Amino acid sequence: MIFLILEFFQRQSTAMTARPLNIFLGRKAAQLITNQGWSGRDVSLLLGASGGPKWLILSQLDRLLFGRFLMEDRADALVAVGSSIGSWRHACLSQNDPVAAVARLEDIYVNWQYSKRLDIQEISSASIAMLDHVLGDTGASALINHPRLHSYIVTARGRGLNSSRYRAALALGMGTAAITNTAHRALLASQFQRILFTSAAAPPLPYTDFNTSQISLRDETVTTALHASGSIPFLLAGERNVSRAPKGHYWDGGIIDYHFDLKPFAEQRLIFYPHFRGDLTQGWFDKFLPWRRHRPPLAENLVLVCPSQDFIDSLPHGKIPDRSDFSRMSTPERVTYWRTCMERSRELAEDFQSQLNNPDPLSGTHVLRNAYRR
């Protein structure tokens with residue numbers, strides 16, 4: 001008994017030691033990893049959140065995960081569900097050389113030169129150009145036909161005023177959506193429909209809300225779907241009347257699935273979630289409702305990895321990149337800051353690699369309690 005007590009306190013002490021990466025585990029995930037060690041083959045679902053430039057702090061970790069951990073020696077296909085920048089990251093994973101695709105996205109995303117007076121069309125044109133650069137001539141086909149990756153690009157189809165071409169009407173629609181969402185998240189379904197654009201062999205996901213519909217991608221709609229998934233209203237143009245999809249205007253998938261509701265994925269073997277933070281907010285409008293934030297995230301089969309607060313505090317400006325950097329910094333300042341954060345993100349990848357190599361697979365991790373049961 002005394003040895004068990006000492007082992008418990010040793011593990012708790014290790015967990016409290018400052019490290020770049022926080023690793024949160026649901027209890028079933030912790031048990032699986034205890035029994036079998038860390039293996040990407042056990043991961044059945046990969047989630048990618050909305051977050052714009054926040055993704056840059058995961059770029060080196062993505063190289064490790066996409067290049068080796070998740071896809072090596074897989075027998076079963078990996079399900080990848082992403083909204084906004086999460087879907088862009090997963091598009092890199094679907095390429096023949098995922099690490100090179102991440103590098104292409106990183107380079108063009110950081111170094112793109114915008115004019116001083118940005119408008120919606122310029123940002124949308126830049127986004128489409130970035131996607132074309134990352135995908136190249138064969139990237140769309142690679143995403144659609146990947147033999148071991150089922151891709152789901154999350155978008156939000158506007159309903160009523162939220163599908164309007166006119167700014168004033170859209171503003172009224174978005175205001176209405178914010179109010180209805182405050183009353184209850186389910187009421188947001190009157191304002192937006194979840195549309196999943198999927199690769200060829202992707203099976204239906206177990207969604208029962210937001211009148212979810214799945215649309216199979218074609219080569220010519222991959223860039224369109226990815227652009228729509230990252231199109232924040234009033235910042236980007238979105239996409240209208242996507243081919244072979246329901247009529248209407250398609251917006252950022254994060255409106256509905258900002259950080260995702262984990263309950264529909266309770267039957268997955270293991271959810272792997274590289275994230276920017278240690279809590280989850282289901283929809284974009286929920287950001288303004290603190291009681292809708294899950295601290296910590298709740299799922300028995302979850303593995304969530306994210307930068308620790310100590311690591312974030314040590315970065316320039318004490319934060320990870322975000323959209324406010326465009327207004328707070330000059331272009332040279334922003335690029336230098338972003339590049340520094342990307343270089344520092346190597347520490348996250350190195351920390352995760354150390355976790356994989358550790359003879360105690362749960363060393364330094366945080367096992368979540370009171371999670372959703374299967």
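How many of the residues of helix α4 (residues 85-93) are buried? The count is 9 of 9, so the helix is mostly covered, where buried means under 20% relative accessible area, exposed means over 50% and partly exposed is in between (1.4 Å probe, protein chains only). Among the buried residues of α4 are Trp88, Arg89, His90 and Cys92. Helices (H or I, at least four residues) and strands (E, at least two) are DSSP runs, numbered from the N terminus.

The model is predicted, and local features need pLDDT of at least 70, with side-chain atom pairs counting only at pLDDT 80 or more, while totals for chains, interfaces and linings use all residues. Residues are numbered from 1 along each chain as its sequence is written, and side-chain values use heavy atoms, with hydrogens and water left out.

Next comes the nonpolar interior. A nonpolar core is taken here as a set of buried Ala, Val, Leu, Ile, Met, Phe, Trp, Tyr and Cys residues joined through side-chain atoms within 4.5 Å. The largest such core has 97 residues, and Val81, Phe197, Phe272 and Phe352 touch the most other members. Helix α5 (residues 98-111) gives the most to this core, namely 6 residues. Phenylalanine 352 shows what that looks like up close: leaving aside neighbours within four places in sequence, its contacts (heavy atoms within 4.5 Å) include Leu21, Ile23, Trp38, Phe69, Phe272 and Val305. A second, separate core holds 12 residues, including Met174, Ala177, Leu188 and Phe210. As a general point, nonpolar side chains in soluble globular proteins tend to be buried together.

Aromatic rings get their own tally. Rings of Phe, Tyr and Trp (its six-membered ring) pair if their centres lie within 6.5 Å; planes under 30 degrees apart count as stacked, over 60 as edge-to-face and the rest as tilted. By this rule there are 12 aromatic pairs. Tyrosine 207 sits in the loop between β5 and β6 (213-216) and phenylalanine 265 in the loop between β8 (249-252) and β9 (271-274), so the pair ties together parts that are 58 residues apart in sequence. Both tyrosine 207 and phenylalanine 265 are buried. Tryptophan 284 and phenylalanine 285 also pair edge-to-face, because their ring centres are 5.3 Å apart and their planes are at 80 degrees. Of these two, tryptophan 284 is partly exposed at 26% relative accessibility, whereas phenylalanine 285 is buried at 6%. Elsewhere, ring pairs link Trp55, Tyr109, Tyr114, Phe326 and Trp338 into a cluster.

A charge sits over a ring if NZ of Lys or CZ of Arg is within 6 Å of the ring centre and within 35 degrees of the ring normal. The charged end of arginine 194 does this over tyrosine 207, 3.8 Å from the ring centre. Arginine 334 likewise lies over the face of tryptophan 338, at 4.6 Å from the ring centre.

Two buried polar residues are worth a look. Glutamine 191, in the loop between α8 (167-183) and β5 (192-198), has a relative accessible area of 11% and is therefore buried. Its side chain makes a polar contact with the side chain of serine 190 at 3.2 Å. Such a contact is a pair of N or O atoms within 3.5 Å; within protein, one must be able to donate a hydrogen and the other to accept it, and residues adjacent in sequence count only if both atoms are side-chain atoms. Asparagine 162, one of the residues that glutamine 191 touches, lies in the loop between β4 (149-158) and α8 and is buried at 0%. The asparagine 162 side chain reaches the backbone oxygen of glycine 173 at 3.4 Å.

As for cysteines, the structure holds 0 disulfides (pairs of cysteine sulfur atoms within 2.5 Å). The sulfur of cysteine 306 is 16 Å from the closest cysteine sulfur, in cysteine 341, which is too far for a bond.

Finally, backbone angles. Most residues other than glycine have a negative phi. Phenylalanine 260, in the loop between β8 and β9, has a positive phi near 85 degrees and is buried at 1% relative accessibility. Histidine 317 has a positive phi of about 70 degrees, but counts as exposed at 52% relative accessibility.
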